[in-house]
Amino acid sequence: VQMHTREFAEGGSSGWHTHPGVEMGIVLSGAMELRTADGTVRRYGPGESFTVPRGTVHNGVNVNAGPSRM
């Protein structure tokens with residue numbers, strides 16, 4: 001298990017990537033979109049969480065007017 005806190009600048013993103021295990025995230029502030037290579041887009045706000053299955057190509061994008069923190 002790894003735990004990280006990350007802040008994304010307005011319009012910032014994680015870039016397209018995968019993980020060797022399941023990723024779990026919680027939006028602490030702001031608003032993020034989770035985009036997957038199959039075209040799925042889901043928006044998450046403060047207090048909402050998500051999981052990304054192992055090997056899923058995805059990109060997290062800050063869609064908030066200001067920074068977002070996860």
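Reply: Let us begin with a hairpin: E3 and E4 form one, with four residues between them, and Gly39 in the turn has a positive phi of about 95°. Strands (E, at least two residues) are DSSP runs, numbered from the N terminus. This is a predicted model, in which local features need pLDDT of at least 70, side-chain atom pairs count only at pLDDT 80 or more, and totals for chains, interfaces and linings use all residues. Residues are numbered from 1 along each chain as its sequence is written, and side-chain values use heavy atoms, with hydrogens and water left out.

Me: How many bridges join E3 to E4?

Reply: Strands of a sheet pair through backbone hydrogen bonds, either parallel or antiparallel. Two strands count as paired if DSSP finds at least two bridges between them. Here E3 (residues 32-36) runs antiparallel to E4, with four bridges, and Leu34 faces Arg42 in E4. E3 is also joined to E6 by five bridges, again antiparallel, with Met32 opposite Asn62 in E6.

Me: What is the order of the strands in the open sheet?

Reply: The order of the three strands is E4-E3-E6. E4 (41-44) and E6 (58-62) are at the edges with a single partner strand each, so one side of each lacks a neighbour in the sheet.

Me: Which residues make up the largest nonpolar core?

Reply: In soluble globular proteins, nonpolar side chains tend to be buried together. A nonpolar core is a set of buried (under 20% relative accessible area, 1.4 Å probe, protein chains only) Ala, Val, Leu, Ile, Met, Phe, Trp, Tyr and Cys residues joined through side-chain atoms within 4.5 Å. In this model the eight are Phe8, Val27, Met32, Leu34, Tyr44, Phe50, Val52 and Met70. Four of the five residues of E3 are buried, so E3 is largely enclosed by the rest of the structure.

Notes
Buried < 20%, exposed > 50% of the residue type's maximum accessible area, 1.4 Å probe, protein only.
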